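User: I would like to go through this structure with you, beginning with the overall fold and then turning to particular residues. Could you take my questions as they come?

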Amino acid sequence: MNARRPPPLRWADDVRREARPQWVDDVRREARPQWVDDVRREARPQWVDDVRRKAPPPWARPARSWVRDRRAAAFALLLAVLGTVTTAMGFRIEDGLPPPVAEPEPPPAAFASAPLSEAAEPVPAPPSRAAAVKKDTMKRSAPVRLDIPAIKLRTPVTAVGLRRDGTIDVPPLRADAPAGWYKNAPSPGESGAAVLVGHVDTAREGPAVFYRLRELRRGDRISVRRTDGTAAEFVVSKVTTHPKNDFPSDDVYGPVDGPELRLITCGGTFDRSQGSYRSNVVVFARRAP
């Protein structure tokens, strides 16, 4: 048996079809109050724009500039250190030689060959040997050329003096630089120890004038041509190597009985941190008979 569906209630259809109250549509259609649009359209207060556009206060700007200056200074210091290290790797320091025993006084006219000594007066020689010393002694004359056949060395000689720190100066740091004669010491052939110095090598050009000096042996001959046209002849007596912090100044520059010669250059191991050799090679030579 089919049940009949009851008809919808009349009042429900009336509610569905009934129009909304007039006041609802009025509220929806009613324009927004004027003050809302005014607030939305109103420009930002002038003080807001002023704050946004306003430059930072004076006390803040120097602080930032100070920070930038510190960074720039640190960067510049780093570049300077790197430049110094690079330069040290490319060049070797031009060392001065250890100072003489004492600064010599100007030699008297009668005896211009007074040796370097810590004492005010040279130690007198015994009378029996004085004549022999005087006979072998040559007058003072600057050297101009050095010849050592054993190591095939032939080089000009230039005069050098003392640096401000009291060490003996050296010729320019070049492979073709000549040997240097210490002009405050006796000249080769005078009574006393004449001193000639020279470089062993250079970082850029390689071997220099005294590169083979360490190869000399006892008995090898040395000839020094002088400005007066004469030549002083010597024979090697010994070749020694000494640390620079233990240089035998007394043996090298001290007084001797007759004309002698010292040839000095750098040697030993090379100290890369200092850019120089740790030792000196010294050739001792006596006047040839």
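User: How many helices and strands does the protein chain have?

Analyst: This is a predicted model. The protein chain has seven helices and ten strands.

User: And what share of the residues is buried?

Analyst: Of the 289 residues in the protein chain, 35% count as buried. The chain exposes about 19700 Å², and carbon and sulfur atoms supply 55% of that area.

User: What about contacts between residues 24 or more positions apart?

Analyst: Among contacts in the protein chain with a separation of 6 or more, 64% involve residues 24 or more positions apart.

User: What does Ile222 touch, leaving aside its neighbours within four places in sequence?

Analyst: Ile222 is then in contact with Leu146, Asp147 and Ile148, with Ala232, Glu233, Phe234 and Val236, and also with Leu261, Leu263, Val283 and Ala285.

User: Now to charged pairs. How many salt bridges does the structure hold?

Analyst: The structure holds nine salt bridges. In general, side chains of opposite charge can pair when their charged atoms come close.

User: Which residue pairs with Glu260?

Analyst: The side chain of Glu260 forms a salt bridge with that of Arg286, at 2.6 Å from N to O. Glu260 lies in strand β9 (residues 259-271) and Arg286 in strand β10 (residues 276-287), so this pair ties together parts that are 26 residues apart in sequence.

User: Which residues are in the network there?

Analyst: Salt bridges with shared partners join Glu260, Arg262 and Arg286 into one network.

User: Is Glu260 buried or exposed?

Analyst: Glu260 counts as buried because its relative accessibility is 7%, and the cut-off for buried is under 20%.

User: What is the partner of Asp228, and how far apart are the closest N and O atoms?

Analyst: Asp228 forms a salt bridge with Arg226, and their closest N and O atoms are 2.8 Å apart. Asp228 is partly exposed, with a relative accessible area of 42%, whereas Arg226 counts as buried at 3% relative accessibility.

User: And which residue does Asp169 pair with?

Analyst: Asp169 forms a salt bridge with Arg163, with 3.2 Å between the closest N and O atoms. Asp169 is partly exposed, with a relative accessible area of 28%, and Arg163 also counts as partly exposed, at 27% relative accessibility.

User: What is Val144 in contact with, leaving aside neighbours within four places in sequence?

Analyst: Val144 is in contact with Thr155, Pro156 and Val157, and with Arg225, Arg226 and Thr227. Arg226 is also the salt-bridge partner of Asp228.

User: How far apart are Val144 and Ala159 in space?

Analyst: From C-alpha to C-alpha, Val144 and Ala159 are 9.0 Å apart, with a separation of 15 residues in sequence.

Definitions and conventions
Residues are numbered from 1 along each chain as its sequence is written. This is a predicted model: local features need pLDDT of at least 70, side-chain atom pairs count only at pLDDT 80 or more; totals for chains, interfaces and linings use all residues. Side-chain values use heavy atoms; hydrogens and water are left out. A salt bridge is a side-chain nitrogen of Lys or Arg within 4 Å of a carboxyl oxygen of Asp or Glu. Buried means under 20% relative accessible area, exposed over 50%, partly exposed in between (1.4 Å probe, protein chains only). Helices (H or I, at least four residues) and strands (E, at least two) are DSSP runs, numbered from the N terminus. Contact means heavy atoms within 4.5 Å. Accessible areas come from the Shrake-Rupley method with a 1.4 Å probe; for residues, only the protein chains shown count as cover.
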